[in-house]
Amino acid sequence: MTAVMEKPVASDERAEGGRPWAAVIALAGFETRRLLTMLPMLIAFLVYIGWTVWRMGRDWGGYPTLQDADRATQSAPMLIGLTVLLCVNRAALRSRRHGTEPHFAVLVLPQWRRTVAHALSALAVALLTAVCVAAQFGREALRPGAIGHGSVSELLVGPLTVLLAGLLGLLMAGLVRSSLAAPLLVVFSLFLFLFFWGTSDDGSRWLLPVVVESTSNTLPSDLLGRPAGWHALYLAGLALCAGLTAVLVAGGRKPLLLTGIAGALAMALVGGVSQTNGESPELVRARERASATPEQLQSCVRRDGSTYCAFPEWGPRVGDWAGVVDRVRSLAGGGAQDQKIVVRQRVEARYGLSSDSALTPLERPHEVTVGTRWGGNRVPEFSAAVAGVLVAGDEKASTSLCDGRIVTVMWLALGWESDPMAALRRVRLDNSDTGSALVLQPTDGLYMTDAQTEVVRELLARPRGEVTARVKSHWAELTAPKLTAARAAELLGVKAPEGDDKCLD
């Protein structure tokens, strides 16, 4: 009998004869389930979702601006990214850690195909993050007070950051066969983030996965100037390059992978260079125009005789502004209760999102500034601005008040609130309701003395109708210059204040 000896079939040849990609998909599903059920990943997603739910809507007070809401989805996924980097790296080194790598030589899947399966598991985590990002943004977009326009490119940053981190962990497993490499990479990444975060005005900050703005300023969406599309292309190119390089290192088909890596590097290079070009002259001119002459860009509507001028995206806010104006005027006396005013939306856009610049008070009679943010503290701040104009005649004069007329202003600003004492605390810089403090407004603030605060507290504790009647009957004297807090208290029927009534010099 003659024995026939056949040459052993290489794993790649066995894979080609079967259904290699079906096996890769099956392995990817297994690795995905295992990755998502790892304790660090479970904790990271619980923290991410819990943090997102907790802070959802807090920054906008129930009135989100979508060009801010899309950027708010970017920071939290970095936690998922750092976790998936460690977990994918650990999963890729599992066979080496357990000493089972030689046994894989008898399987139908070579090492590079197993690397593809690990890459697909990282992609699955990125897709799950995308679902969370879409849910977060969708919740804000569906709120009744939502305005503005979000950016798909901004929303892609979080998932792309997770994908890039996972594929970097996979690449690190192929280059350095040590479980310490990934934690060191995490530490290095955190160091780079802290270093570039301090260069907020430098174009190099766009080399980071997530670019955080150092301001809470809200601008019209066409004035943001963030190269979100180029940044998304840059992240996608980096992620694709890391994934293809990891497969190449694991023994993948060299010509095809080198072509793919070259294309991915070209994507990253084009996106990286384009995103650091700086602001265009057209954008600079548009920001200057919106800041200096907003009336050229705004549309105005009239309600009850008053005029409300807003940037196009803020048209739905007019009803909220008009409601505050009507309530403030309803508490006033004399001609102020029928005074027609102009509410002008203003923004300081010349510095982009790099700083919070103050708005100078308007000097045109009966014209009031309103900002681009609304809800929460912004409501009593706007109410105080309206009250100041009704009492003093214009914003410049109202922000210079230094006498008992502040009592009248603060009553008009807060007397209509359902919880006026809480509104008093919110509108003051130090969140206090006793002593002297600065009262915030869309432009320069007002200063309340200790004595004025005492009188206002007494008024807010009394029945609204009673105080309103006294304000209307003594309106002329309550709005006269050089009124003292003690005289205001006497006219309004409350006890004389004991605190100091001296304004700041």
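**Entry 1**

I count a salt bridge when a side-chain nitrogen of Lys or Arg lies within 4 Å of a carboxyl oxygen of Asp or Glu. This is a predicted model, so I note that local features need pLDDT of at least 70, that side-chain atom pairs count only at pLDDT 80 or more, and that totals for chains, interfaces and linings use all residues. Residues are numbered from 1 along each chain as its sequence is written, and side-chain values use heavy atoms, with hydrogens and water left out.

Are the two partners buried or exposed? Arginine 405 is buried, at 13% relative accessibility, and aspartate 403 is buried at 11%. The terms are set as follows: buried is under 20% relative accessible area, exposed is over 50%, and partly exposed is in between, with a 1.4 Å probe and protein chains only.

**Entry 2: other salt bridges**

I searched the whole structure and got 20 salt bridges. Side chains of opposite charge can pair when their charged atoms come close.

I checked arginine 329, which forms a salt bridge with aspartate 326 at 3.0 Å, N to O. About one helical turn separates arginine 329 from aspartate 326, because they are three residues apart in helix α13. Helices here are DSSP runs of H or I with at least four residues, strands are runs of E with at least two, and both are numbered from the N terminus. Arginine 329 is buried, with a relative accessible area of 7%, whereas aspartate 326 is partly exposed at 29%.

I then looked at helix α14, where glutamate 381 and arginine 378 lie three residues apart, about one turn of the helix. They form a salt bridge whose closest N and O atoms are 3.1 Å apart. Glutamate 381 is buried at 8% relative accessible area, and arginine 378 is partly exposed at 26%.

I also noted a network of salt bridges that links Glu154, Arg205, Glu213 and Arg226.

**Entry 3: the sheet**

I traced an open sheet of four strands, in the order β1-β2-β3-β4 and with mixed pairing. Its edge strands are β1 (299-303) and β4 (367-370), each pairing on one side only. Two strands pair if DSSP finds at least two bridges between them. On average, and with direction ignored, neighbouring strands of this sheet are turned by 20° against each other.

Strands β2 (residues 306-310) and β3 (residues 342-345) run parallel and are joined by three bridges. Which residue of β3 is the bridge partner of tyrosine 308? The partner is valine 343.

Helix α13 (residues 318-331) packs on this sheet and touches β1, β2, β3 and β4, and its direction makes about 145° with that of β2. Helix α14 (residues 378-392) also packs on the sheet, touching β3 and β4, at about 170° to the direction of β4. Contact means heavy atoms within 4.5 Å; axes are lines fitted to C-alpha atoms, for helices over the stretch in contact, and angles run from 0 to 180 degrees between N-to-C directions.

**Entry 4: a nonpolar patch**

I found a nonpolar patch on the surface, formed by Leu39, Ile43, Val47 and Leu79, with about 350 Å² of accessible area together. Patch residues have over 30% relative accessible area and no salt bridge; like charges are joined within 9 Å, and nonpolar side chains (Val, Leu, Ile, Met, Phe, Trp, Tyr) within 5 Å. Accessible areas come from the Shrake-Rupley method with a 1.4 Å probe, and for residues only the protein chains shown count as cover.

Helix α3 (residues 39-55) gives the largest share of the nonpolar patch, three residues. Leucine 39 lies in helix α3 and is exposed, with a relative accessible area of 57%.
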